[in-house]
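The sequence and structure come first.

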Amino acid sequence: MSSARDHLLEQYSARVYKNRKDHVVTKGEKDPDVVTANTRTIPGIITQRGCCFAGCKGVVLGPIKDAAIIVHGPIGCAYYSWGTRRHKAVADERDGEQADSYLEYCFSTDMQEPDIVFGGEKKLKQAITEAMSIFNPTAIFICSTCPVGLIGDDIHAVARWAEEEYSIKCIGFSCEGYKGVSQSAGHHIANNQIIKYIIGTGDRAPKKKFSVNILGEYNIGGDGWEVEKLLKRCGIEVVSVFTGGGSYRDMKNSHLADLNLVQCHRSINYVADMMYTKYGMDWLKVNFIGIESSVEALRNIAKYFNDAELTARIEDVISDEIANVFDEVQYLKSKLKGKTAALYVGGSRSHHYQTLLKDFGISTVLAGYEFAHRDDYEGREVIPDIKMDADSKNIESITVEKDPKYYKVLLSDEQKEALKEKGVNLNYYEGMFKEMDEGSIICDDLNHFETEEFLHILKPDIFFSGIKDKFVAQKGGFLSRQLHSYDYSGPYSTFSGAVRFGQDILMGLSTPAWGLIRAPWKQIPNLEGSLGGEE
Amino acid sequence: MSKTKIEPMVNLNTNPCKMCMPLGSVTAFYGIKNCMSILHGSQGCSTYIRRHMATHYNEPVDIASSSLTEQGTVFGGETNLLKGLKNLIEIYHPEVIGVSTTCLAETIGEDLPRMIGKFYAENPEYKNIEIIPVKSPGYGGTQYEGYFSAIFGVISSVSMQTEANDCINVITAPLTPADTRFLKEAFEMFGLKIILLPDVSDNLDGGYKEEYDKLPSGGTSLKDIKKMAGAKATIELCGIEIKDSPGKYLENHYGVPYYRINMPVGLRDTDIFYDLLSKLSEIDVPEEITIQRGRYLDAMIDAHKYNGEGRAVIFGEPDYVASTVRLCVENGVMPLVVATGSVCNDLKGLLKDEIDEIAKKYFIDRYEILQDVDFKTIEALAKELHANLLIGSSDGRRMEESLGIPLVRRGFPIHDRVGGQRLRMLGYEGSLDYMEDIANALLSKKEADFRENIHQQYYKKELQEDKMKELIEDKTKNHPCFNGCASNTARMHLAVAPRCNIQCNYCVRKFDCPNESRPGVTSKILTPIEALEKYKMVKKEMSNLSVVGIAGPGDALANFEETKKTLELIREFDPDVTFCLSTNGLMLPQYANELIRLGVSHVTVTMNAVDINIGAKIYKYIDYNGVKFEGVSAAAILLANQLSGLRILVAAGIICKVNIVTLKGINDKHIPKVVETVKEIGCYITNIMPFIQVKGSVFENLEPVSNKEVNEIRNLCGETMKQMYHCRQCRADAIGTLDNDRSLEFSECKGNCGSKKIEEGNSYTFAVASKSGMLVDTHFGHVAELYIYEYKDGDVCYKEKREIQKYCTGEENCGDEADKIDNIIKAIGECDGVITMRIGEAPKQKLNKKNVKVFVTYDRIDTAVKAAAEQMGNGQED
């Protein structure tokens, strides 16, 4: 397999080679495996990465249903982030408190040339006034696009003004697209403001004995709803979800939960980390994509709470869920076993889906992240060794202190140590590397060129990616499924989602078109007779 | 046109109806052969635009980025752009590179031409690669302006060859790949060589290839672009005059003759297009095109009746909107809201006259042409002006959902359907497709709900349909005459209608009409006020009284004034009461709507035949509006009125029952046909009844049918529709539940009197064995129920009915004979005598032992009772 890596890299000029060689790794070649990640994108190479705005507004804030997000800038960024991700949400009521949904709306200050020249703060204020008069939301988020930071509009001052003027929650997010090296910067900026201004501002205590927050679950195609449903079956209260189907209403009470479950490590680990410091809340890395991994997640939760009744209930739920899907999974596995996959998604899915693929006997030959950091590949133990480059240093890094009112410790250090021995490693993520097969390829920031090249070299049966690289694969005869938006399908999480995923893959692989590719007049003619030396 | 009442938000764009300039710019570059685009700015711009275009075209969309970082915003983006160009060239080897700016680059004031110059200077080996700078800040306009900005950039920066050639330059507004292919073929038909800029036909709608081309291999070649300065002419297919027109530039700089015509959308603009092609080529328009024109015209005529109802909201890019409006207008679709998200001052002037004209024809006094507008405003107007159709990109899907009106998808983007890149609107055939999509959208909506709408509009104007339907269903459930199971609900028949307008051969007018009521005792006629008083009084006594019926003794509609007044009075007193009415149907068409208005929910029509020759045997005459008709003409008029009356009622949701009297040898074989007919009309139930012999009637000697025979007919017809098995052939003044007629308790009550107790003493009570309730016609051992009659001072009064054994309806179903006789004797109880047709010796002995006298006779009940009482008085007995 190492030849695949070499074959690719040798096509680059010396300059590009020098940059890219450390982003492409063959598992097991070095000990330990080291990858370069979260560095600047090479200009002119067609990257699949997005920008800071996309990470902040598009990923983390976008799904928060009851906040009206006003994009401060020219129209494009607001338009392109309007309903493009399939994060679902419905307006609802909880304990008499309503959470509306603005997900179908796109709000922008639609800046024009004069606004760029003379400043857009006034327009932003008026836009907030108009939004209040029509929609009267409980929270307004302001997200900046590129020009705003350059012309010096102070969106945070406007946010403070709006909070006073309308007695609402109004937060500014300086997530100009040029910040950082990818979406990842945007996640960080969003997380910082959420910790500063949202978490800890509510006082609705959980009602049940055991309660959690689900962090880094964006409810694509309804994934988050499935997870919530599963936890509720086990008798665990979900205080809030960050942020799929979630709400400002619930997020402000999240510090009162017992435990944080972290699904997507990359986009939300800042929040988990800071809540640990500030409120003493432990976090547990979970993965509800895949059957085995869902079982593991549930059992780890049981071990954390260490309650006989809860444990029994969780075991009941597990055996019930497995019984429901067992036959179907066996059938799908019989059809899918031995297939190979390449995955190139965002910052956690490339890892999560490998476990689901394994449930069906599909092996992963290539995996890569768009915007991950080294810890997402190698595990959190490398964090102290990560060298911050200039771009990352520019992203504000906030420090939090123990909250005198809400700080609580559920487990002592000894108990945590005991848990670790049982295989439950709190406040830790092991990364993607450890689970991958020897010889498989890991490629950070896989660009358009590399995608085509690797597909031809590795010839996977399925390529999981996004819409931008999907058609490159399909033109080349490779089945491609989108793992950002699920191609209108989903949910893929938990037990029933795993079956749906398997069905979708089988349906894709057995699409009749794949068998009709060659026209009859292009078939290789059957030569009569035999060539010398052959039978 | 009046000014819109809706205040558009001036500072908050809610749901934008536009995209940004760079998207248009890269779209144009996708129409150039071996060309790559690079956006100078943050990498998110490329990513978002690629994502957006790929979803529409279902094609790979490769756009590079200079990936500016924060450092670049401080020190300028030159280093990144130069590096980016170099990397792009090394990996993709393009011939042409379009460099478009973004918000970021323009805000920090990047000087593209200078940087490109520096790039050439530093990399002389790449001097043959055409690098084209385009100013496209996101705040400078929409994708529409970005698109033309790129074309202008191409024409103004490529070094041209001025030698004359025989090509024609064709520059178009944004088109789908399918429409682009059409254009190329159209020019070819006239033998015209064209340089089409841009040509997205292959690059954005490519086929399956095992080897994916990294570079877009279709499109206009650089070689051809260079020849544009020497072309014979430039045709700009663009309804809107562009500020920096590429065609005008070519005219001003190189003297290339310039034509600007609308895109060939719709009949008129396609005519102009082919006419121009014919002139330029000096070739007559080929016959094939004339045939296509004829086909489109024919389709326009075929679809006009649907299109004429179209009230459209049209939104999108200015050119697209202008062409669509013209196509709509020529097809009779009225554009109510014409909207573009771009700033386009010319749009109103271009379209106003055209729309005014159609608006005038349709008497529409308000429509809107709007620019720089968002979907929030468009949606509010669509609602206010009652649009029934949306035409535009899939961004209108949210309006489609919230307004519940169909969206015809055209333009960019189409994200919620496949095939957006292959949608056509150009030429006669493209126009035909487009027009028919519009007509079909209207038609599918119409087909789905026109019956409902017409129904609402013409028949149910005053009823709130759903509520009413539910109410009627509920009432039917509790109506004893329509649902036998509702036996706990009491009904009351009010005898307010003495006159009848037909003469049935089985009826003698001195008794109540046997259609619905049992003859035998003539009920007292009430005035409407008396009827109300009686209702009030009975209601006080019987809380389960929920149904009031008008059932004679004549025909309810032959006494319409009384019927109407009675219903109005009772409705006023008790708004919840269910009204039913029974009629022969002669006057039904005249009064049906009035009945609906009065809130009658259940109507019974007696229809003995649907064949006028059979009808002529049953009806002696009819009295229709004062004229007497006999024979076949009488039957024909009656039948026609019955049917049309029922149709009106059924359409209004009234529950209709049809009573059929079984007349042996006359209509008994015809009954299934009657049932089928009324089923088709939509009646709810039929009630097939046995014929009752009435002395003095024409049919007095007609052989009666047995219950068994009637049940056989009912069972047969039960396969067609619901049958009533529980009919008791009630009296016109029946009161109570079906199993417990209490009318005699209230029979003396006229107006406000209380209930009067029947005095006992010097009076006799008789148990009568009767099947029909009219005659003493049953063997004592066969009775299912006994009719209890009272004789007092020469008057015969019906008292009650006593069931012998609930499920014993005839000998074939009955068990032990001896038990049965005991049961009958028990039921007789305190009666002074028994009147029966025949009686066995054993029961007679038993009755005599109990001191119950037995009278054997075959006669009308009241005659028999009188005779028995006289014998009792005289001490005689049988």
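## Sheet in chain B

In this predicted model, strand 27 (residues 785-792) and strand 28 of chain B are paired antiparallel through eight bridges. Within this pairing, B:Glu785 has B:Glu803 of strand 28 as its bridge partner.

Both strands belong to an open sheet of five strands in chain B, ordered 28-27-26-29-30, with mixed pairing. At its edges are strand 28 (795-803) and strand 30 (853-856) of chain B, each of which pairs on one side only.

## Nonpolar cores

The largest nonpolar core has 280 residues, of which A:Ile140 and B:Ile97 touch the most other members. This core lies between domain 1 (21-261) and domain 2 (287-448) of chain B, because both give residues to it.

Neighbours within four places in sequence aside, the contacts of A:Ile140 are A:Ala67, A:Ala68, A:Ile70, A:Ile128, A:Ala131, A:Ala162, A:Ile168 and A:Cys170.

## Contact between chains A and B

Chain A gives 63 residues to the contact and chain B gives 59. On the chain B side, the elements that give two or more residues are strand 1 (13-14), helix 2 (43-57), strand 3 (63-65), helix 3 (70-75), helix 4 (78-92) and helix 5 (103-107). That side comprises 25 polar, 21 nonpolar and 13 charged residues.

Strand pairing also links the chains: strand 5 (residues 107-108) of chain A and strand 1 of chain B are antiparallel, with two bridges. Here A:Phe107 is opposite B:Thr14.

Note on methods:
Residues numbered from 1 in each chain as written. Chains lettered and ligands numbered in written order. Predicted model: local features only at pLDDT ≥ 70, side-chain atom pairs only at ≥ 80, totals over all residues. Pairing = 2+ DSSP bridges. Helix = DSSP H or I, 4+ residues; strand = E, 2+ residues; numbered from the N terminus. Core = buried A, V, L, I, M, F, W, Y, C linked by C-beta atoms within 7 Å. Buried ≥ 20, exposed ≤ 12 C-beta atoms within 10 Å, placed from the backbone. Domains from an automatic or database assignment. Contact = placed C-beta atoms within 7 Å. Nonpolar A, V, L, I, M, F, W, Y, C, P; charged D, E, K, R; others polar.
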